[in-house]
Amino acid sequence: MSDAAALLPAAYDAFDVPRTELTARALRYAEETEPAVVFRHSVRSYLFARALGDHDGLRPGVDYDDELVFVSCVLHDLGLSEAGNGGGRFEVDGADLAARFLREQGVGAEAMAVVWDAIALHTSEGIAPRKGPEVALAHAGISADILGFGKELLPAGFADRVHAAFPRENLAYALSDIVVRQALANPAKAGPLGFPGQVLRHHVPEGTLPGWYDLIAAAGWGDRPVAG
């Protein structure tokens with residue numbers, strides 16, 4: 001381990017995190033790039049992912065690449081930063097920015113593809129869990145921190161320790177507000193069937209965003225409901 005890799009802030013001493021040159025650089029990059037409330041969510045997501053993996057009997061370095069889970073979680077919301085706010089869904093914009101960062105660090109194409117998938121799919125319920133273990137674990141940790149999915153599987157008192165070290169500050173609403181601000185500025189970032197569109201729907205007049213059946217009606221194929 002290089003000296004640079006060892007220089008993680010003291011807040012991380014209480015937790016088992018991978019201490020490599022790449023994880024140190026990814027952590028620093030995320031902290032410098034993301035809003036503070038989003039950055040802390042990214043760190044908590046890894047800590048919950050690791051704990052949920054432990055619960056399932058998955059061994060870091062054996063059953064999954066712990067470094068890639070860490071990097072995936074820490075960088076997963078780059079699309080909610082100014083630097084990552086491009087023309088697509090924030091998940092994909094973030095995955096693209098993370099891939100660019102990893103390429104600059106000399107990370108290989110195979111590992112980069114794992115991180116890209118983990119970030120691009122992190123809001124894709126039912127898809128991310130069917131990918132490799134790194135993608136599935138990142139999704140599990142992120143879902144636990146945002147919506148509490150699986151939190152009952154965490155060790156007793158663990159979430160309290162994590163929140164004491166990395167406070168929430170109403171993360172779920174703060175993050176949703178960023179998604180909405182981006183989408184209002186660029187509606188192309190929030191298609192009606194994706195997660196950003198679902199969030200935006202609550203902040204625009206009713207009927208502004210078409211629903212599934214509205215899209216069917218507008219398709220022009222003349223489809224009609226099938227009699228039951």
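## Covered or open?

Let's start with a term: a residue is buried when its relative accessible area is under 20%, exposed when it is over 50%, and partly exposed in between (1.4 Å probe, protein chains only). E169, at 51% relative accessibility, therefore counts as exposed.

Before going on, know that this is a predicted model, where local features need pLDDT of at least 70, side-chain atom pairs count only at pLDDT 80 or more, and totals for chains, interfaces and linings use all residues. Residues are numbered from 1 along each chain as its sequence is written, and side-chain values use heavy atoms, with hydrogens and water left out.

## Helix α4, a well-covered stretch

Helices here are DSSP runs (H or I, at least four residues), as strands are (E, at least two), numbered from the N terminus. How many residues of helix α4 are buried? In this helix, which runs over residues 66-75, it's 9 of 10. Among them are D66, L68, V69 and F70.

So what covers them? The list includes α2 (21-33), α3 (36-55), α5 (90-104), α6 (109-120) and α7 (133-147).

## Where α3 meets α4

Take a look at how α3 and α4 pass each other: their axes come within 7 Å and cross at roughly 145 degrees. (Axes are lines fitted to C-alpha atoms, for helices over the stretch in contact, and angles run from 0 to 180 degrees between N-to-C directions.) On the α3 side, the contact (heavy atoms within 4.5 Å) is made by S42, S45, Y46, A49 and R50, and on the α4 side by D66, V69, F70, C73 and V74.

Sort those residues by class and you get 6 nonpolar, 2 polar and 2 charged. For that count, Ala, Val, Leu, Ile, Met, Phe, Trp, Tyr, Cys and Pro are nonpolar, Asp, Glu, Lys and Arg are charged, and the others, Gly among them, are polar.

## Salt bridges inside and between helices

A salt bridge is a side-chain nitrogen of Lys or Arg within 4 Å of a carboxyl oxygen of Asp or Glu. The whole structure has 12 of them. One joins D66 and R50, whose closest N and O atoms are 2.9 Å apart. Since D66 lies in helix α4 and R50 in helix α3, the pair ties together parts that are 16 residues apart in sequence. D66 is buried, with a relative accessible area of 10%, and R50 counts as buried too, at 11% relative accessibility. There's a network here as well: salt bridges link D16, R50, D54 and D66.

R25 pairs with E21, with 3.0 Å between the closest N and O atoms. Both lie in α2, 4 residues apart, which is about one turn of the helix. An α-helix has 3.6 residues a turn, so residues three or four places apart point the same way. R25 is partly exposed at 34% relative accessibility, and E21 is partly exposed at 27%.

Is R40 buried or exposed? R40 counts as buried, at 15% relative accessibility.
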